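Good morning, and thank you for making time on the agenda. Please have the sequence and the coordinates open while I speak.

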Amino acid sequence: MIIRPRRLRVTQSIRDMTSETRLSPSMLVYPVFIREGKNIIEDIPAMPGQKRYSPDTLPLILEKAANNKIGGVLFFGIPEKKDETGSQAWNDNGVIQNAIRISKKEFPDLTVIGDVCLCEYTSHGHCGLIKNGKIDNDSTLEILSRVAVSQSQAGADIVAPSDMMDGHTGAIRSALDENGMTDTLIMSYAVKYASSFYGPFREAAGSAPSFGDRKTYQMDPRNSREAVKEALLDILEGADIIIVKPGLSYLDVLKTVRESVHVPVASYSVSGEYSMIKAASEKGWLNEKNAALEAATSMARAGADIIITYYALELSEWLRL
């Protein structure tokens, strides 16, 4: 007699109960673009459905995030003025700092994560300081530390360095501890590839580099073993959470990192992945809800404890249905 495994042909509730991989709103983080100014809510053409907010209008979207009980929000700032050093990134009255203060005042229980990088603030669009036409890693570390401290002082629960400078986590951890901010967590973009899927984000944040590219400090998409090395180095330097970015194109890397470290791992489903699903669904080529849920499930299945996604609000609603 041949014994064959049987698929469950049962009710939806039983399928949900017996599924190997489960999603919940609490594991979702919603990225939000915040533009300096007042009374701003503007569309982002390359990311249909996403908007830029000024700090005063930000509570409109934060209320939805809080009511949907998602895990947190990740803030990206867009200043009015940019310079060579990105000085507005650590201005105590900067766009991100004001947004963090407003968020923690209005929604104290909502986890707020501040993106720590210079690309949105520098006139050249790179993530570090430029010296002699090249990124100067070590001098950038001091600036990143200032940014992280200023965000923590404003009330950020977590700071997330996305610059990919060597030694950034250790420098930031030391600066936070020296300023008495030992409770501020670091969610490090330890594994961030030089991906072609960042295009819509760069339009949204106005952060495209004015010369060259970021391949000298972001990771080569052909490398996977390097991801484990980078993740372990950042953990040794004090990272509390590790990010693998992008999401869908790097599920193998996500799985490998998850199996190699013992801290929470986040997968960042980036702007290009979001916009592809949006564009295809708008043309009727995909069912948007099903595709977005499947994409998120694949990241959870590969090992993500946290999913950073522009679909966070919709996913949290769909998961309740």
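Which residues does valine 191 touch, not counting residues up to four places away in sequence? In this predicted model, valine 191 touches Met219, Ala227, Ala231, Ile243, Val244, Lys245, Val253 and Val257. Several of these names will return in what follows.

Let me begin with the core. The largest nonpolar core has 103 residues. Those with the most contacts inside this core are Phe33, Val73, Phe75, Val191 and Val257. Helix H10, residues 288–302, contributes the largest share of the core, 8 residues. As general background, nonpolar side chains in soluble globular proteins tend to be buried together.

I turn next to helix H7. Spanning residues 225–237, H7 has 13 residues and reaches 19 Å from its first C-alpha to its last, close to the 18 Å expected at 1.5 Å a residue. Its buried residues are Ala227, Val228, Glu230, Ala231 and Asp234. Seen down the axis of H7, these buried residues fall within an arc of 165°, so they line one face of the helix. On the other side of H7, Arg225 and Leu236 are exposed. The cover over the buried residues of H7 includes helix H5 (168–178), strand E9 (185–192), strand E10 (241–245) and helix H8 (251–260). After H7 comes glycine 238, with a positive phi near 120°.

Now the aromatic residues. How many aromatic pairs does a search of the whole structure find? The search finds 10 aromatic pairs. In one of them, the rings of tyrosine 189 and tyrosine 268 have centres 6.3 Å apart and planes at 45°, so the pair is tilted. Tyrosine 189 lies in strand E9 and tyrosine 268 in strand E11, residues 265–269, so this pair ties together parts that are 79 residues apart in sequence.

Ring pairs link Phe33, Phe76, Tyr189, Phe201, Tyr268, Tyr274, Tyr310, Tyr311 and Trp318 into a cluster.

Lysine 245 lies over the face of tyrosine 198, at 4.9 Å from the ring centre, and over the face of phenylalanine 201, at 5.6 Å from the ring centre. A cis peptide bond, with omega about 0°, joins lysine 245 to proline 246. Proline 246 itself is placed in the loop between E10 and H8.

Finally, some backbone angles. Where is lysine 69 found? Lysine 69 is in the loop between helix H2 (59–67) and strand E4 (72–78). Although not a glycine, lysine 69 has a positive phi of about 60°, and this residue is exposed, with a relative accessible area of 64%. Asparagine 132, in the loop between strand E6 (129–131) and strand E7 (134–136), has a positive phi near 55°. Asparagine 132 is exposed, with a relative accessible area of 81%.

That concludes the presentation.

Notes
Residues are numbered from 1 along each chain as its sequence is written. This is a predicted model: local features need pLDDT of at least 70, side-chain atom pairs count only at pLDDT 80 or more; totals for chains, interfaces and linings use all residues. Side-chain values use heavy atoms; hydrogens and water are left out. Helices (H or I, at least four residues) and strands (E, at least two) are DSSP runs, numbered from the N terminus. The expected span of a helix is 1.5 Å times one less than its number of residues. Buried means under 20% relative accessible area, exposed over 50%, partly exposed in between (1.4 Å probe, protein chains only). The arc is that of the directions from the helix axis to the C-beta atoms. Contact means heavy atoms within 4.5 Å. Rings of Phe, Tyr and Trp (its six-membered ring) pair if their centres lie within 6.5 Å; planes under 30 degrees apart count as stacked, over 60 as edge-to-face and the rest as tilted. A charge sits over a ring if NZ of Lys or CZ of Arg is within 6 Å of the ring centre and within 35 degrees of the ring normal. A nonpolar core is a set of buried Ala, Val, Leu, Ile, Met, Phe, Trp, Tyr and Cys residues joined through side-chain atoms within 4.5 Å.
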